Amino acid sequence: MKLKDEVWKSGKVVNQFLTGVRGALPLAQTQIEVMLRLLATRRQPVRRFLDLGCGNGVLGAAVLEKYPRAAGVFADFSEPMLAACRAKLAGKHVTTLSLDFGKRDWAKAVAEAGPFDAIVSGFAIHHQPDQRKRTLYREIYRLLAPGGWFVNIEHVAPATPLTTVLFDEVMIESIHRQQSHLSRAVVSRQFVKRADKAANILAPVEEQCRWLRKIGFTDVDCYFKIYELAVFAGRKRDHR
Ligand SMILES: C[S@@+](CC[C@H](N)C(=O)[O-])C[C@H]1O[C@@H](n2cnc3c(N)ncnc32)[C@H](O)[C@@H]1O
């Protein structure tokens with residue numbers, strides 16, 4: 001059976017996301033700032049990091065800008081996304097990897113480049129069923145160095161349908177500002193019926209924070225939230 005997340009392997013979907021949706025996300029730059037502030041709480045600079053479901057590498061690129069000496073691994077299963085990532089990071093000394101984190105053995109492909117001081121992920125893990133998300137968080141924990149951060153900038157389940165109404169409204173207005181040659185009705189229809197929407201399996205952020213605590217992550221919290229978008233994170237315990 002073809003999984004719904006396979007939609008991300010389509011050049012059309014990737015193009016639509018990178019040229020329309022990504023730039024329309026509310027307070028996207030603030031989300032990245034929150035991620036960087038969390039990483040900066042470490043005593044040491046980030047030396048090794050992984051951007052999981054990297055897309056065009058926007059999150060990892062921000063990590064690299066702050067820590068230019070860090071070795072970055074950018075992993076995704078979409079060839080068009082990896083091509084966009086290579087183009088964005090051309091000239092930088094980074095590793096791009098094609099892998100599917102929905103498969104249990106994905107961690108083997110990155111283990112050698114670890115352990116990581118930071119694993120960041122943006123709007124990617126919500127394509128997995130909840131049980132797989134939990135297992136994936138455990139796999140991520142194992143790949144972290146002591147004191148290493150996992151920061152997930154994620155699309156999460158709304159607590160009430162009103163949250164979705166407000167989120168959709170902000171997104172449609174923002175995309176419409178970028179694509180003013182289209183009518184608002186067309187933008188609205190395209191956004192609500194976007195091909196990747198069916199691949200979303202959203203889970204509440206509070207529940208996902210509970211899963212992280214159960215695994216052993218510390219300093220777990222939702223550090224930022226706007227409508228259906230959240231930045232939640234946790235750190236691997238450092239017993240040194
Ligand atoms: C919404 S895009 C976000 C891209 C980027 N992280 C960002 O913040 O802009 C989701 C990304 O997750 C990737 N992805 C989804 N499921 C995946 C999987 N099972 N394994 C690897 N990558 C996956 C997609 O190919 C896509 O690049």
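In what order do the seven strands form an open sheet? The order is S3-S2-S1-S4-S5-S7-S6, and the pairing is mixed. Strands pair if DSSP finds at least two bridges between them. Strands (E, at least two residues) and helices (H or I, at least four) are DSSP runs, numbered from the N terminus. The structure is a predicted model, in which local features need pLDDT of at least 70, side-chain atom pairs count only at pLDDT 80 or more, and totals for chains, interfaces and linings use all residues. Residues are numbered from 1 along each chain as its sequence is written.

At the edges of the sheet stand strand S3 (94–98) and strand S6 (218–226); each has a single partner strand, so one side of each is left without a neighbour in the sheet. From one strand to the next, the twist averages 15°. Angles here run from 0 to 180 degrees between N-to-C directions, and axes are lines fitted to C-alpha atoms, for helices over the stretch in contact.

Strand S2 (residues 71–76) runs parallel to S3, to which five bridges join it. Within this pair, valine 73 has threonine 95 in S3 as its bridge partner. S1 and S2 also run parallel and are joined by five bridges. Aspartate 51 stands opposite phenylalanine 74 in S2. Because five of the six residues of S2 are buried, S2 is largely enclosed by the rest of the structure. A residue is buried if 20 or more other C-beta atoms, placed from the backbone, lie within 10 Å of its own, exposed if 12 or fewer do, and partly exposed in between. S1 is mostly covered, with four of its five residues buried.

Helices lie across the strands in two places described here. H3 lies across strand S1 (48–52), S2, strand S4 (116–122) and strand S5 (144–155), and runs at about 145° to S4. Helix H9 (residues 205–215) lies across S6 and strand S7 (229–235), at about 165° to S6.

The largest nonpolar core has 54 residues, of which Met35, Phe49, Val63, Ala118, Ile119 and Val151 touch the most other members. Such a core is a set of buried Ala, Val, Leu, Ile, Met, Phe, Trp, Tyr and Cys residues joined through C-beta atoms within 7 Å. Beyond its neighbours within four places in sequence, phenylalanine 49 is in contact (C-beta atoms, placed from the backbone, within 7 Å) with residues including Gly60, Val63, Ala118 and Ile119.

Around the ligand are 20 residues, of which Trp8, Gly53, Gly55, Gly122 and Ala124 come nearest. Helix H1 (11–24) and helix H3 (58–66) are the elements that give two or more residues to this shell. By class, the shell has ten nonpolar, six polar and four charged residues. Ala, Val, Leu, Ile, Met, Phe, Trp, Tyr, Cys and Pro count as nonpolar, Asp, Glu, Lys and Arg as charged, and the others, Gly among them, as polar.

Two further helical residues were examined. Lysine 133, in helix H6 (residues 130–143), is buried, with 20 other C-beta atoms within 10 Å. Leaving aside neighbours within four places in sequence, lysine 133 is in contact with Ile125, Gln128 and Ala203. Phenylalanine 167, in helix H7 (residues 161–178), is partly exposed, with 18 other C-beta atoms within 10 Å. Not counting residues up to four places away in sequence, phenylalanine 167 touches Tyr227 and Glu228.

Conventions. Near = placed C-beta within 6 Å.
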